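Visitor: Could you take me through one part of this model up close? I'd like the cut-offs along the way.

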Amino acid sequence: MIDEESAQASLIASKLAYSYGAISESFAGYLWVREFADPGTGFHAQVFKNNANEYIVAFTGTGEAKKRGHSRFLSSLTHS
């Protein structure tokens, strides 16, 4: 089960996923790491990391037709 602090951090990150470019604010011990964007598929994500090397990858949703592009993009993240 997720604890309250982790739930709050995930909620904040999910809202920040809709921000474009670098994010200067920190929250719950997390700092912005990088942004991923693929205009061809509409994929967009923001990545945050805390001092314990825990990451939150928060991404936005797009239309049904673009999901295949998201799968390819996420697969490339795990293999880089």
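Guide: Helices (H or I, at least four residues) and strands (E, at least two) are DSSP runs, numbered from the N terminus. This is a predicted model, where local features need pLDDT of at least 70, side-chain atom pairs count only at pLDDT 80 or more, and totals for chains, interfaces and linings use all residues. Residues are numbered from 1 along each chain as its sequence is written, and side-chain values use heavy atoms, with hydrogens and water left out.

Let's zoom in on helix 1. Its buried residues are Ala9, Ala13 and Leu16. They sit on the same side of helix 1 because they cover an arc of only 55° around the axis, the arc being that of the directions from the helix axis to the C-beta atoms. Glu4 and Lys15, on the other side of helix 1, are exposed.

What do the buried residues of helix 1 pack against? Strand 2 (43-49) and strand 3, with contact meaning heavy atoms within 4.5 Å. Take Ala9: leaving aside residues up to four places away in sequence, Ala9 touches Phe27, Ala28, Tyr30 and Ile56.

As for the start of helix 1, a side-chain oxygen of Asp3 comes to within 3.1 Å of the backbone nitrogen of Glu5.

Conventions: Buried < 20%, exposed > 50% of the residue type's maximum accessible area, 1.4 Å probe, protein only. Polar contact = N/O pair within 3.5 Å; in protein donor to acceptor, adjacent residues only side chain to side chain.
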